[in-house]
Amino acid sequence: MPMNIRIGQGYDVHAFGEGDHVMLGGVRVPHGRGVLAHSDGDVVLHALCDAMLGALALGDIGRHFPPSDPRWKGADSRAFVRHCNELLRERGWKLGNADVTVICERPKVGPHADAMRTLIAGDLGVDIDAISVKATTSEALGFIGRGEGIAAQAVCLLVPA
């Protein structure tokens, strides 16, 4: 019998700007800079949304929450994740697992990873062991290495609900 699964991949990036924190995985992480974004600029949740939407072949986060729409100005990205999860359910799917990698030189992600995992798992209605959040640097190369921005990649597996 063929396996009935879907896999999605997502990526998000934001430049640093004025501010004293970044939102990562729904967690307010202290940092000497904020991000330039229309919503809260949470690269973890934006990449995860793109992975979920991609697995459903429903486009990307910008299609569902366009930055041109004033409703999403400063929006909490956790609402985006919950919306994507509802789209999964409506189509007979649920998240099997997700793996997110944050790419930055700073802030340090490790001390906040479990809090991110807890919030994401709660918003998606899955066990915490289905959510992975980890980080890497770009070894001081490129715009991330120069401290100009932050990025995240995500993959997810969908299984029948």
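I started at tyrosine 11, whose bridge partner in strand β7 is glutamine 153. I was looking at a predicted model, in which local features need pLDDT of at least 70 and side-chain atom pairs count only at pLDDT 80 or more, while totals for chains, interfaces and linings use all residues. Residues are numbered from 1 along each chain as its sequence is written, and side-chain values use heavy atoms, with hydrogens and water left out.

**Sheet.** I then followed strand β1 (residues 6-17) along β7 (residues 149-160) and found ten bridges joining the two, which run antiparallel. Strands here are DSSP runs of E of at least two residues and helices are runs of H or I of at least four, both numbered from the N terminus; two strands pair if DSSP finds at least two bridges between them. Strand β5 (residues 93-103) is also joined to β7 by ten bridges and runs antiparallel to it, and there I noted leucine 158 of β7 as the bridge partner of leucine 95. Between β1 and β4 I found two bridges, again in an antiparallel run, with glycine 17 standing opposite glycine 34 of β4.

Which order do the strands take in the open sheet? I read it as β4-β1-β7-β5-β6, five strands with mixed pairing. The edges are β4 (34-35) and β6 (131-136), each of which pairs on one side only.

**Helices on the sheet.** Helix α1 lies across β1, β5 and β7 and runs at about 150° to β1. Helix α4 lies across β5 and β6, at about 145° to β6. For these angles, axes are lines fitted to C-alpha atoms, for helices over the stretch in contact, and the values run from 0 to 180 degrees between N-to-C directions.

**Helix against helix.** I recorded two values per pair, because two packed helices are described by the angle between their axes and the distance between the axes. Helix α1 (residues 43-55) and α3 pack at about 15° with their axes 9 Å apart, and α1 and α3 are therefore roughly parallel to each other (angles under 35 degrees count as roughly parallel, over 145 as roughly antiparallel, 65 to 115 as roughly perpendicular and the rest as oblique). The crossing of α1 past α3 is left-handed, meaning that the near helix is turned anticlockwise from the far one by less than a right angle, whereas clockwise would be right-handed.

For α3 (residues 77-90) and α4 (residues 113-124), I noted axes that come within 9 Å and cross at roughly 40°, which makes α3 oblique to α4. The crossing of α3 and α4 is right-handed, and the contact is made by Arg78, Val81, Arg82 and Asn85 of α3 with Leu119, Asp123 and Leu124 of α4. By class, the contact of α3 with α4 has three nonpolar, one polar and three charged residues.

**Whole chain.** Last, I counted five helices and seven strands in the protein chain.

Methods. Contact = heavy atoms within 4.5 Å. Nonpolar A, V, L, I, M, F, W, Y, C, P; charged D, E, K, R; others polar.
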